[in-house]
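Here's a quick briefing on a protein chain, with strands, a helix face and some charge pairs to look at.

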Amino acid sequence: MMKFKKLQVVFIAVLGFINIGFSQDKRPNILVIVADDLGYSTTNVYGKINQVKTPNIDRIAKEGAKFTDAYVTANVCGPSRSALLTGRYQQRFGIYANFDTQRGPGVPASEVTMGRYFKDAGYTTAAIGKWHIGVKLPGQHPLDRGFDKYYGFNSAQTDYFNSPILFDGKTKVKKHKYLTFQFTDEAIDFIDNAKKKDKEKPFFMYLAYNAVHGPNQAPEDYIKKFSKYSKGMSKQAAMVSALDDSVGRVLNYLKAQDLEENTLVYFLSDNGGLPSWWKGSNDPWRGFKREQWEGGTHVQFMMRWPAKIKAGQTREELVSSLDVLTTSLAAAGIKEPKNAHLDGVNILPVFKSDTKNEVNSTLFWAGSHLDVIQGNKGKKIKLPYKPDNAPPTWAVRSGDWKLVQMMEKKGKPLLFNLKNDPTESKDVADENENLVRKLTKEFNVWFKDMTPPIAWDNKYYEELKTIK
């Protein structure tokens, strides 16, 4: 027995990551489930008017916790996922807008993603689904970023039934099921194979569905379930239903394999929903995807870990997708490397209290803003720029306050008290000039650490540098 303990201590010292307080066999499995363009009120657990039942996604909140004040770092997919996967504001490495990851550039290989932290700490790792942070340059592929398994595509969107850009590792996939179901199969197979190989070894999985991003496609039998709706809306509802069923299959598999108790599950969307979906799908927020209003970045965020998180909680703490990596490292007893410079906060301590705690005092945004609905009666105006190269916006969230400026409009920053005015309908900047100056200064200090854009027009970056 003494010999075993000595060996264990030596192993931990060499690895340099695991806290001695955590034995390997008790480290949790970690599953990060990401939905795509899922409007805030699309699921029952967040929405008041629901077009489709979502009992399985709701389970994560009901058997764990849902956060009502959660954000992502960007109002579009690529930048948002770049931050989630690295745990760092994406502006630190030049990502401000969406980018064509089929050609480049993507997140620099020098940035460490989730997979590397957990693989180096002894986890079996997988990235399944939508990648969208680049693979073309050396070191960018998921298999080079610490993931043992990769099954997915590297772009903003693809055909759900016949994807021309789907890969299993680095091998192109020629035939597949409806992608939502295919990704679910791959996730279950990964868990099954990982546990057959080493039952005691924990796994980390990034399961990034492309649902419910366009193109709006769903199996016919699912569409028929919602035939009472219009053709377009029936497809949307079918996509949500297929996503919910898939999440349920994964959760049920964990339970059947006695893995449920010690698996930390996250569920969040990468940004807000689209205005083309059913009325109220993004309520109660103003705006939608691509906009810097709450509707673009205020998202669903749930956590479940039966061994540690009491069921049925609704949390009001200000949290961010940046917190997922930091929290997961803490849950696994992995010490954050000194040179990592992660921007997230460990959320787990809040579950020790029934009262609201401070997690993030301040959050920042810098990137593009594109008015989704242009002109009168929703008619779009021809723009002098591409949607993924829209003019700059910046925002600061501090406590109940949000300061935001859409710089294309040449107007002053707008200030909203989100507690009293969650729909951002009343600008109170003139009545709070000192607070406007304070938050503007905080943005200026934060932005000094950000780098010129890899993706986005450099002139927009220079405009943001003038904010003082």
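At 13% relative accessibility, Asn-56 counts as buried (buried is under 20% relative accessible area, exposed is over 50%, and partly exposed is in between, with a 1.4 Å probe and protein chains only). Keep in mind that this is a predicted model, where local features need pLDDT of at least 70, side-chain atom pairs count only at pLDDT 80 or more, and totals for chains, interfaces and linings use all residues. Residues are numbered from 1 along each chain as its sequence is written, and side-chain values use heavy atoms, with hydrogens and water left out.

- Asn-56 sits in helix α2, residues 55-62 (helices are DSSP runs of H or I with at least four residues, strands are runs of E with at least two, and both are numbered from the N terminus).
- Leaving out residues up to four places away in sequence, Asn-56 touches Asp-244, Asp-245, Val-247, Gly-248 and Leu-251 (contact means heavy atoms within 4.5 Å).

**Ala-65 in strand β2**

- Ala-65 belongs to strand β2, residues 65-67, and is buried with a relative accessible area of 0%.
- Beyond its neighbours within four places in sequence, Ala-65 has contacts that include Ile-60, Phe-301, Met-302, Met-303 and Phe-351.
- Between the C-alpha atoms of Ala-65 and Asp-37 there are 21 Å, with the two residues 28 apart along the chain.

- On one pairing, β4 (residues 124-130) runs parallel to β5, joined by five bridges (two strands pair if DSSP finds at least two bridges between them); Lys-130 stands opposite Phe-153.
- On another pairing, β6 (residues 166-168) runs antiparallel to β5 with three bridges, and Phe-167 is the bridge partner of Gly-152.

**Helix α11**

- The buried residues of α11 (458-465) are Tyr-460, Tyr-461 and Leu-464.
- They cover an arc of only 105 degrees around the axis, so they lie on the same side of α11 (the arc is that of the directions from the helix axis to the C-beta atoms).
- These buried residues of α11 pack against β13 (362-368), β14 (392-398) and α10 (433-447).
- Asp-457 caps the N-terminal end of α11, with a side-chain oxygen 3.0 Å from the backbone nitrogen of Lys-459.

**Salt bridges**

- There are 26 salt bridges in the structure (a side-chain nitrogen of Lys or Arg within 4 Å of a carboxyl oxygen of Asp or Glu).
- Lys-130 pairs with Asp-36 in a salt bridge, with the closest N and O atoms 2.7 Å apart.
- That pair links distant parts of the chain, 94 residues apart: Lys-130 in β4, and Asp-36 in the loop between β1 (29-35) and α2.
- Lys-130 is buried at 1% relative accessible area, and Asp-36 is buried at 0%.
- Glu-63 and Arg-304 form another salt bridge, their closest N and O atoms being 2.6 Å apart.
- Glu-63 is in the loop between α2 and β2 and Arg-304 is in β10 (residues 301-304), so this pair ties together parts 241 residues apart in sequence.
- Glu-63 is partly exposed at 30% relative accessibility, whereas Arg-304 is buried at 0% relative accessible area.

Terms used:
Polar contact = N/O pair within 3.5 Å; in protein donor to acceptor, adjacent residues only side chain to side chain.
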